[in-house]
Amino acid sequence: MLGVGSSVQIFSILTIVVHLLGIVNAAHAVMNVRSSRGAVAWSISLLTIPWLAIPLYWILGRNRFYGYAEALQAAYIEHNAQAKEAYQEILECKAELPPEFSPLQELADSLTTIPFTTGNFAELLVNGKETFTAMLTAIQNATDYILIQTYTLDDDQIGNEFCKALIHKSMQGVRVYLLYDGIGTRGLARSYLRSLRQSGVRVNTFKSTKGRGNRWQINFRNHRKILIVDGAIGFVGGLNIADEYLGYKPPLSPWRDTHVRVQGTSVKCLQGSFLGDWFWATRKLPQVQWNVDPKPEFDQVALVLPTGPADQVPACTLFFVNAINQAKQRLWIASPYFVPDDSIATALKLAAIRGVDVRILLPNRPDHYMVYFCAFSYYMEMQTAGVRIYRYQPGFMHQKVILIDDAIAGVGTVNLDNRSFQLNFEVTLFVIHQAFVEAVEAMLQDDLQLCYLVTPSDYQQQSLWLKLVARIARLFAPIL
């Protein structure tokens, strides 16, 4: 048994070691954390309370996802001929945008492998019933393969409908590939997955901790929701596969969400996003169809923008800031969360100051209280600049939609928060086409009829306690 003197000596040595580790990690934070505010916060914490801050920094301090880019490079080398053929096929449909969109096109060319393309047809799917009906119909009509990716998958009523549909197609000889996020679907029953695998469905988890040295890489999520059927029909948007997206789970019901059904060139681009994630999870690539078969009715220009923490530059932030700066008359954004970083917040305020009609649609009911309270802390600065914030009243609004002037509309998985811009793998479909833009405008007009406009008094009249909670929540904005 150690004596008192020995215990004190060991504790002193341990304390010195921990503080030295704190200094080393503080230096790492200063050199690697993207924002100066985040670097200062982490370095101060690591120097003053290293016992607590070091494990938190190892888990929450990472903003770069390691190994993914290298996996994609390995996939390209291993399947070089197929990759070149697919790329050339899609590149033949590259669109030349009007001069007013040249800054956006140049940025897209720099940030993405596949730029804006012609030969697309996208249609809105509003809410769960319409979306799931369209998805299940597409699955039932599959003849070759199905690629399906989701963040959340529940073994509830709609989850079991999808399970039965996928099993049925697999038993018919259709190749089925299911990829889900390991954290978003952590409560899924093993029996659910076992029944899929036993029927021949290839099921895999997107694990952020794969690879040596990545065991602490747990603050990242794959938030993409994609369905590809036979390489001909694609789906992307805000809906995961769970009953709550049908409004079956109060108190958040009725649930408000938006998805998109797409045909044409963009399906191949969505397919490429899925295959990159699948290769990360399995180090294998399924055989898929890459031929682009343009049809006269596929007359929309579109861009599939997959973004994530493995990007060399913060592609999601850069593209959205550029898109916001493109707005001349109108900028409407619907998002379940509002925790913008400094660059997005500044771009929104500048747009309003130069006379753009900037509207942010948010839910009035919270599903995550920290994020909900954090939004209050932005009220005054946004309203002072002229940004109008609306709260959707009937239920929880989960859609991720952006409308810019009468020119371009986007639907995807990106929330207006730091997690989506920095920590999550996301994907958004942007469409340049009058009919699609008008459909999005009409949809958002209907949503606005069910919103109330937030006024300065909505914040000023709140209790000191709520204001304090809102400001404290904002301190955690980089990880919310």
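Select Asp230, which counts as buried because its relative accessibility is 17%; buried means under 20% relative accessible area, exposed over 50%, and partly exposed in between (1.4 Å probe, protein chains only). Asp230 isn't a glycine, yet its phi is positive, about 60°. You'll find Asp230 in the loop between β6 (226–229) and β7. Helices (H or I, at least four residues) and strands (E, at least two) are DSSP runs, numbered from the N terminus.

Before going on, note that this is a predicted model: local features need pLDDT of at least 70, side-chain atom pairs count only at pLDDT 80 or more, and totals for chains, interfaces and linings use all residues. Residues are numbered from 1 along each chain as its sequence is written, and side-chain values use heavy atoms, with hydrogens and water left out.

Now select Asp405, in the loop between β16 (401–404) and β17 (408–412). Asp405 is another non-glycine with a positive phi, about 50°. Asp405 is buried too, with a relative accessible area of 8%.

Both stops fall in stretches that carry a label. The unreviewed UniProt entry annotates residues 218–245 and 393–420 as "domain: PLD phosphodiesterase"; positions are given in the numbering used here, feature names are shortened, and annotations may be inferred rather than shown by experiment. Colour residues 218–245 and you'll see 0% helix and 39% strand, with end C-alpha atoms 26 Å apart. Residues 393–420 are 11% helix and 46% strand, and there the end C-alpha atoms lie 24 Å apart.

## Along the loop between β7 and β8

Which peptide bond is cis at Pro251? The one joining Pro250 and Pro251, with omega about 10°. Pro251 sits in the loop between β7 and β8. Pro254 is in that loop as well, and the peptide bond from Ser253 to Pro254 is cis, with omega near -5°.

Stay here and show the side chain of Lys249. Lys249 forms a salt bridge with Asp154, the closest N and O atoms being 3.7 Å apart; a salt bridge is a side-chain nitrogen of Lys or Arg within 4 Å of a carboxyl oxygen of Asp or Glu. The pair links distant parts of the chain, 95 residues apart: Asp154 is in the loop between β2 (145–150) and α8 (157–171), and Lys249 in the loop between β7 (233–237) and β8 (255–256). Asp154 is partly exposed at 21% relative accessibility, and Lys249 is partly exposed at 38%.

Select Arg256 and Asp447, whose side chains meet at 2.9 Å, N to O, in a salt bridge. Arg256 lies in strand β8 and Asp447 in helix α16 (residues 434–448), so this pair ties together parts that are 191 residues apart in sequence. Arg256 is buried at 4% relative accessibility, and Asp447 is buried with a relative accessible area of 4%.

Arg388 is in strand β14 (residues 388–392) and Asp357 in strand β13 (residues 357–363), so the pair ties together parts 31 residues apart in sequence. Arg388 counts as partly exposed, at 32% relative accessibility. For a network of salt bridges, select Arg330, Asp406 and Glu441.

## Down the axis of α8

Which of its residues are buried? They are Ile158, Gly159, Phe162, Cys163, Ala165, Leu166, Lys169 and Ser170. Just after α8, Gly173 takes a positive phi of about 100°.

## Last stop: the cores

Select Phe116, Leu331, Phe338, Leu348 and Ile360: of the 90 residues in the largest nonpolar core, these touch the most other members. A nonpolar core is a set of buried Ala, Val, Leu, Ile, Met, Phe, Trp, Tyr and Cys residues joined through side-chain atoms within 4.5 Å. A second, separate core has 58 residues, including Leu179, Ala281, Leu429 and Met443.
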